[in-house]
Amino acid sequence: MPKKVITFGEVMMRLSPPGYEKFSQASSFELVYGGGEANVAISCAYLGMKAAHVTRFPDNALGKAATQFLRKHWLSTEHVVYGDDMMGKYFLEKGAVHRPSEVIYEREGSSFSLIEPSMVNWKEVLKDADWFHWTGITPAISEGAYQCCLDAVKTANELGIPVSGDINSRSNMWKYGKTMQEVIPDLVEHCDVVITSSRSIREMFALGKPEDNFQDLAKQLIALFPNIKKVVKKTRRTLSASHNQIQGKMWNGQEYIKTDMLNITHIIDRVGTGDAFAAGLIYGLLHYDDEQALDFASAACALKHTVPGDVNMVSLENVQSLMEGDTSGAIRR
């Protein structure tokens with residue numbers, strides 16, 4: 001039977017000028033939907049897993065359209081809740097060559113930001129799940145979103161379901177009276193797998209020194225939170241907005257694993273590549289050993305750079321081929 005993953009977080013409308021136009025040039029916007037956690041669930045679904053996303057949409061036509069988007073991409077939406085009338089959104093101006101991309105968010109007061117723990121029955125949601133995933137964006141949105149996420153990870157622990165958290169520091173998002181240093185540790189102590197960076201470990205948990213490398217910091221994080229089994233990082237080397245290199249790294253409590261550097265020479269869309277990495281890691285850890293899982297995650301991430309939009313809609317066969325070293329991109333007949 002296919003493994004099942006559950007994710008939780010906001011889904012937003014993404015509005016972008018056509019192609020690589022700047023905002024000042026645009027007379028229209030292309031619309032897609034996306035959100036870090038939903039991107040992970042959809043990527044897992046395209047890899048052949050069962051997947052469901054838990055969120056809150058406005059009770060109007062936009063909320064129904066967003067629900068249909070999730071269903072179109074193979075997600076179960078039986079645990080989506082509805083209320084209020086505002087959809088979170090963000091505007092993306094895609095960069096190219098030496099011009100960086102630019103993002104503007106409009107999510108304050110959205111339907112999801114007004115979610116409350118009583119709106120989700122996590123024991124029902126997670127009863128047949130094999131994995132639960134959250135990101136550090138969700139508890140930054142509101143007190144209700146934080147408490148709901150905390151209920152989810154605690155319930156997953158009670159049910160023996162592995163939990164992964166993708167936690168990178170974004171201090172400018174925390175506007176409801178709590179800081180990431182207060183909130184994130186409460187959630188991380190319930191995680192089995194943490195995807196993060198050296199900087200985030202230092203900033204969120206006050207661990208280490210600037211000169212400490214990722215392996216040292218990962219060891220300190222596991223010592224602080226013994227429930228964590230693996231600490232994972234995606235390293236990106238940016239040569240230009242169109243040319244990047246990526247590498248996966250993992251400390252699993254016993255050995256330090258690194259993938260080969262993957263060269264991405266013609267980026268189509270960088271948004272959602274971290275989510276593709278997380279989805280690849282989840283799939284990999286449920287089906288492979290740690291080294292293979294990290295290779296799978298890096299390959300999935302690299303392929304997302306070739307897909308327009310927020311979501312990595314590549315097949316299991318695509319990822320396995322790149323994971324095994326086929327970088328040719330030759331036509332398959």
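Modeller: Two strands pair if DSSP finds at least two bridges between them, and helices (H or I, at least four residues) and strands (E, at least two) are DSSP runs numbered from the N terminus. This is a predicted model, in which local features need pLDDT of at least 70, side-chain atom pairs count only at pLDDT 80 or more, and totals for chains, interfaces and linings use all residues.

Colleague: In which order do the 4 strands of the open sheet lie?

Modeller: Strands of a sheet pair through backbone hydrogen bonds, either parallel or antiparallel. Here the order is β3-β2-β7-β8, with mixed pairing, and the edge strands, each pairing on one side only, are β3 (30–34) and β8 (102–106).

Colleague: How many bridges join β7 to β8?

Modeller: Strand β7 (residues 89–93) runs antiparallel to β8 and is joined to β8 by 5 bridges; Glu93 stands opposite Glu102 in β8.

Colleague: At what angle do helix α5 and helix α6 pack?

Modeller: Axes are lines fitted to C-alpha atoms, for helices over the stretch in contact, and angles run from 0 to 180 degrees between N-to-C directions. Helix α5 (residues 143–159) and helix α6 (residues 180–188) pack at about 20°, with axes 9 Å apart. The two are therefore roughly parallel to each other, a term for angles under 35 degrees, whereas over 145 counts as roughly antiparallel, 65 to 115 as roughly perpendicular and the rest as oblique.

Colleague: Which residues of α5 and α6 make the contact?

Modeller: With contact meaning heavy atoms within 4.5 Å, Tyr146, Cys149, Leu150 and Val153 of α5 meet Val183, Asp186 and Leu187 of α6.

Key:
Residues are numbered from 1 along each chain as its sequence is written. Side-chain values use heavy atoms; hydrogens and water are left out.
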